[in-house]
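Subject: Structure handover

Hello,

Here is the structure you will be working with. Please open it first, then read my notes beside it.

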Amino acid sequence: QAINGGLSFYMRRKKADDLVAVKQQLADLAGCPAAEIVITRNTTESLGTVIHGLDLAPGDEAVMCNQDYGSMLEQFRQQSKRRGLTCVEISIPLQPKDDAEIVETYARAITPRTKVMLVSHMVNITGQILPVKKIADMAHARGVSVIVDAAHSFAHVAFTVPPLDGDYLGASLHKWLCTPLGAGLLHIKKEKIRTVWPLF
């Protein structure tokens with residue numbers, strides 16, 4: 001109401017200070033530096049910024065799961081049509097015997113051409129929580145960057161972002177944090193910020 005009532009006065013005189021304050025509050029909640037986060041409109045925009053912003057060449061490969069959120073899969077498929085990226089879609093076990101089985105499922109999909117991997121922290125259709133840190137450790141050891149979809153885990157389950165060790169992470173703040181619609185979060189490790197061409 002204050003924003004809609006203040007219009008350009010708010011935009012010119014208050015928005016910048018409020019944005020800094022809100023980013024700091026989000027950074028505190030996420031457990032990371034404010035300089036590593038951007039407020040977006042939702043997870044799709046957050047992760048789309050990364051998916052479309054990485055320099056991926058024809059023949060490069062991206063690994064993802066057929067249970068990942070449809071919008072993310074479609075953005076990767078668009079990159080396949082546009083840039084010649086190879087999308088490798090795996091299926092993770094619904095009732096794994098342990099974390100190692102899931103990690104191994106992702107590991108088997110990696111080849112020398114794999115550049116990036118999408119991993120859902122919490123699978124939106126099942127609620128299954130994946131061992132992101134273990135997957136990320138495995139991927140990083142093979143030179144593969146990790147994009148984490150935390151749309152359904154952020155502010156829903158207890159965690160902070162850095163221990164997951166993803167290179168990029170997106171979340172929707174209007175889900176479990178219950179902010180107004182149209183608020184999302186993008187986290188990028190400081191050393192990875194330069195690897196993404198921003199959409200905006």
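Start at the surface. L19, V22 and I39 make up a nonpolar patch there, and together they have about 200 Å² of accessible area. Patches take residues with over 30% relative accessible area and no salt bridge; nonpolar side chains (Val, Leu, Ile, Met, Phe, Trp, Tyr) are joined within 5 Å, like charges within 9 Å. Accessible areas come from the Shrake-Rupley method with a 1.4 Å probe, and for residues only the protein chains shown count as cover.

Two notes on the source. This is a predicted model, in which local features need pLDDT of at least 70 and side-chain atom pairs count only at pLDDT 80 or more, while totals for chains, interfaces and linings use all residues. Residues are numbered from 1 along each chain as its sequence is written, and side-chain values use heavy atoms, leaving out hydrogens and water.

L19 sits in helix α2, residues 15–30. Helices (H or I, at least four residues) and strands (E, at least two) are DSSP runs, numbered from the N terminus. L19 is partly exposed, at a relative accessible area of 40%. The cut-offs are these: buried is under 20% relative accessible area, exposed is over 50%, and partly exposed is in between (1.4 Å probe, protein chains only).

**Helix α6**

Which residues of helix α6 are buried? In this helix (residues 132–141) they are V132, I135, A136, M138 and A139. Seen down the axis, these fall within an arc of 165 degrees, so they line one face of α6. The arc is that of the directions from the helix axis to the C-beta atoms. An α-helix has 3.6 residues a turn, so residues three or four places apart point the same way.

What do the buried residues of α6 pack against? They pack against α5 (99–109), β4 (114–120) and β5. Contact here means heavy atoms within 4.5 Å. Just after α6, G143 has a positive phi of about 80 degrees.

**Salt bridges**

Side chains of opposite charge can pair when their charged atoms come close. The rule for a salt bridge is a side-chain nitrogen of Lys or Arg within 4 Å of a carboxyl oxygen of Asp or Glu. By this rule there are nine salt bridges.

Look at E89 and R77. Their closest N and O atoms are 3.0 Å apart. The pair links distant parts of the chain: E89 is in strand β3 (residues 86–90), R77 is in helix α4 (residues 70–83), and they are twelve residues apart. E89 is partly exposed at 35%. R77 is partly exposed at 29%.

K134 and D99 also form a salt bridge, at 2.9 Å from N to O. K134 lies in helix α6 and D99 in helix α5, so the pair ties together parts that are 35 residues apart in sequence. K134 is partly exposed at 45% relative accessibility, and D99 is partly exposed at 34%.

K133 and D137 meet at 3.0 Å, N to O. Both are in helix α6, four residues apart, or about one turn of the helix. K133 is partly exposed at 36%, and D137 is partly exposed at 35%. These two belong to a network of salt bridges that links K133, D137, D165, D167 and K189.

**Positive phi**

Most residues other than glycine have a negative phi. D165 is not a glycine, yet its phi is positive, about 65 degrees. It lies in the loop between β5 (145–149) and β6 (168–172). D165 counts as buried, at 18% relative accessibility.

C178 is not a glycine either, and its phi is also positive, about 65 degrees. C178 is in the loop between β6 and β7 (184–188). Is C178 buried or exposed? C178 is exposed, with a relative accessible area of 62%.

**Aromatic rings**

Rings of Phe, Tyr and Trp (its six-membered ring) pair if their centres lie within 6.5 Å; planes under 30 degrees apart are stacked, over 60 edge-to-face, and the rest tilted. This rule gives one aromatic pair. F154 and F159 form it, edge-to-face, with 6.2 Å centre to centre and 80 degrees between the planes. F154 is buried, at 3% relative accessibility.

Best wishes
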